[in-house]
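Dear colleague,

Please find below the structure that I am handing over to you, together with its sequence. My findings follow directly after it.

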Amino acid sequence: MLYIRKSCERGRANHGWLDARHSFSFGQYYDPDFMGFSDLRVINEDRVAPTMGFGTHPHKDMEILTYVLAGAITHKDSMGNVKDFVAGEFQIMSAGTGVTHSEFNPSDSQTLHLLQIWIQPNEFGIAPRYDQKRFDDKQGGTLILSPNGDDGSFKVYQDAKLWRYQYTKDDKDNILLNQNRHYWLQMVKGDLSINGNALHQGDGVAMGELCACDVVADSDCEFLLFDLR
């Protein structure tokens, strides 16, 4: 099974200061066919205008990953964290028993471009936690999330892994998959073909019952690959 969710088919919310694309139902966007995928609940691609952002708001029992693609973000939370992180960095937050936080674009001129990802946890009522880091760029896959924090990845409270793949133009790869697992591929930048299907920035792909996927980079490109139950 391989289903392509084109970028232009995603939900959209444009509030002037925020231009958001929703891969799954979120906020005022509702599509009963796209409520999530396995334990992956949210992939929002947000562009936030200079000096604007999300005011203080609560979360509970959710694994929240933020990936800054351009610009910078200022994060403040009820755990006492006041952090800035910039393009290329990831932030993980377990909401657990409950946390409030705010996120703002500190720049006077540059638009903040980010991915916000929510994964439903398999442990509830845990103490909230926060971490951030940059993973080195490299050809092929880098492990970003795993249940045990393997290979320097963030720990995630779920039977799930997240890989970031980066390729240069004309690279080819065969990525082995477990046919009993579900996979979601989210394009971050560039163009590539997967099993002969052309993908572009913002496209998503749901996969299942596959043993492998063949990747051909049609340009310098990057994507996230979620390994899910």
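To begin with the contacts, among those in the protein between residues at least 6 apart in sequence, 70% join residues at least 24 apart; a contact here means heavy atoms within 4.5 Å. Please note that this is a predicted model, in which local features need pLDDT of at least 70 and side-chain atom pairs count only at pLDDT 80 or more, while totals for chains, interfaces and linings use all residues. Residues are numbered from 1 along each chain as its sequence is written, and side-chain values use heavy atoms, with hydrogens and water left out.

Overall dimensions and surface

The C-alpha trace of the protein spans about 45 × 40 × 35 Å along its principal axes. For 229 residues, a compact globule would have a radius of gyration near 17 Å, and the 17 Å of the protein agrees with this. The radius is taken over C-alpha atoms, and the globule rule is 2.2 Å times the number of residues to the power 0.38. Of the 229 residues, 53% count as buried; buried means under 20% relative accessible area, exposed over 50%, and partly exposed in between, with a 1.4 Å probe and protein chains only. The protein exposes about 10,100 Å², of which carbon and sulfur atoms supply 47%. Accessible areas come from the Shrake-Rupley method with a 1.4 Å probe, and for residues only the protein chains shown count as cover.

The secondary structure comes to zero helices and 22 strands. Both are DSSP runs numbered from the N terminus, helices being H or I of at least four residues and strands E of at least two. Four strands form an open, antiparallel sheet in the order β5-β10-β7-β8, where two strands pair if DSSP finds at least two bridges between them. At its edges lie β5 (53-59) and β8 (82-86), each of which pairs on one side only. Neighbouring strands of this sheet are turned by 20° against each other on average, direction ignored; the axes are lines fitted to C-alpha atoms, for helices over the stretch in contact, and angles run from 0 to 180 degrees between N-to-C directions. Five bridges join β5 to the antiparallel strand β10 (residues 99-104), and H57 has H101 in β10 as its bridge partner.

Two loop residues with positive phi

D170 lies in the loop between β15 (161-167) and β16 (172-176). Its phi is near 80°, a positive value in a residue other than glycine, and D170 is exposed, with a relative accessible area of 54%. E209, in the loop between β20 (204-208) and β21 (212-217), has a phi near 60°, likewise positive in a residue other than glycine. E209 counts as exposed at 65% relative accessibility.

With kind regards
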